[in-house]
Amino acid sequence: YVPKFFGTQLLPTLQETRSVLSAIEPCFDEIADGAVSFYPNAENVCDAIVERYSTDHTLVVKFMQDPLDESDLLYDLLQQNVTAQCTMKQLTGSHGVPAMQDIFLKGRIPILEETIPNVLLQAREPARNLILRPVNE
């Protein structure tokens, strides 16, 4: 007997993970070979945004708890591009928030529904609300 979630949840997740890892493997190879920067460099990217970006309306999303966030720089660069109308929206959380999956949905992993004590299942909704608060904003 193989639980249904293996085919509907686990296998697709593993396949997606494999796809992501195969896409970033060349980057790891470059780093292992001694690369310390990439092409195009940051300056070239900034120049291209100012000179070549051609979308009429752009939404830049800034996350308050994200130390890697460069939304302010991107927004400033887009403002220099006379053809682009740009809006910035600030959200709580980090840049990983939009990709966060709702692991707390009832029935998401059926085998857990059968094995987790009821007291823990009752904590599902409060935990879901706490963890996914940035997603719901």
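This is a predicted model: local features need pLDDT of at least 70, side-chain atom pairs count only at pLDDT 80 or more; totals for chains, interfaces and linings use all residues.
Biologist: Is I31 buried, partly exposed or exposed?
Modeller: I31 is found in helix α1. Buried means under 20% relative accessible area and exposed means over 50%. The relative accessible area of I31 is 47%, so I31 is partly exposed.

Biologist: Which residues gather in a patch of negative charge on the surface?
Modeller: One of them is D29, whose place is in helix α1 (residues 4-32). D29 has 42% relative accessibility and therefore counts as partly exposed. The residues that gather in this patch are E25, D29, E30 and D33.

Biologist: Which residues are linked in a network of salt bridges?
Modeller: The count of salt bridges comes to two. K62 forms a salt bridge with D69, where the closest N and O atoms are 3.9 Å apart. K62 also forms a salt bridge with D72, with the closest N and O atoms 2.8 Å apart. The network therefore links K62, D69 and D72.

Biologist: How many residues apart in sequence are the parts that K62 and D72 tie together?
Modeller: K62 and D72 form a salt bridge. K62 lies in strand β1 and D72 in helix α3, so the pair ties together parts whose separation in sequence is 10 residues.

Biologist: What distance separates the C-alpha atoms of T55 and C86?
Modeller: T55 is found in the loop between α2 (42-52) and β1 (57-63), and T55 is partly exposed with a relative accessible area of 37%. Along the chain, T55 and C86 are 31 residues apart. Their C-alpha atoms are separated by 9.5 Å.

Biologist: What pattern does the chain follow along the sequence?
Modeller: The chain has seven helices and two strands. Buried residues make up 18% of its 137 residues. Read along the sequence, the pattern is α-α-β-α-β-α-α-α-α.

Biologist: Which element of the chain has the lowest mean pLDDT?
Modeller: The mean pLDDT of the chain is 78, and 82% of its residues reach 70 or more. Among the elements, helix α3 (residues 71-80) has the highest mean, 92. The lowest mean, 57, belongs to helix α7 (residues 133-136).

Note on methods. Residues are numbered from 1 along each chain as its sequence is written. Side-chain values use heavy atoms; hydrogens and water are left out. pLDDT is the predictor's confidence in each residue, from 0 to 100. Helices (H or I, at least four residues) and strands (E, at least two) are DSSP runs, numbered from the N terminus. Patches are made of residues with over 30% relative accessible area and no salt bridge: like charges are joined within 9 Å, nonpolar side chains (Val, Leu, Ile, Met, Phe, Trp, Tyr) within 5 Å. Accessible areas come from the Shrake-Rupley method with a 1.4 Å probe; for residues, only the protein chains shown count as cover. A salt bridge is a side-chain nitrogen of Lys or Arg within 4 Å of a carboxyl oxygen of Asp or Glu. Lys and Arg count as positive and Asp and Glu as negative; His and the chain ends are not counted. The place of a charge is taken as NZ of Lys, CZ of Arg, CG of Asp or CD of Glu. Buried means under 20% relative accessible area, exposed over 50%, partly exposed in between (1.4 Å probe, protein chains only).
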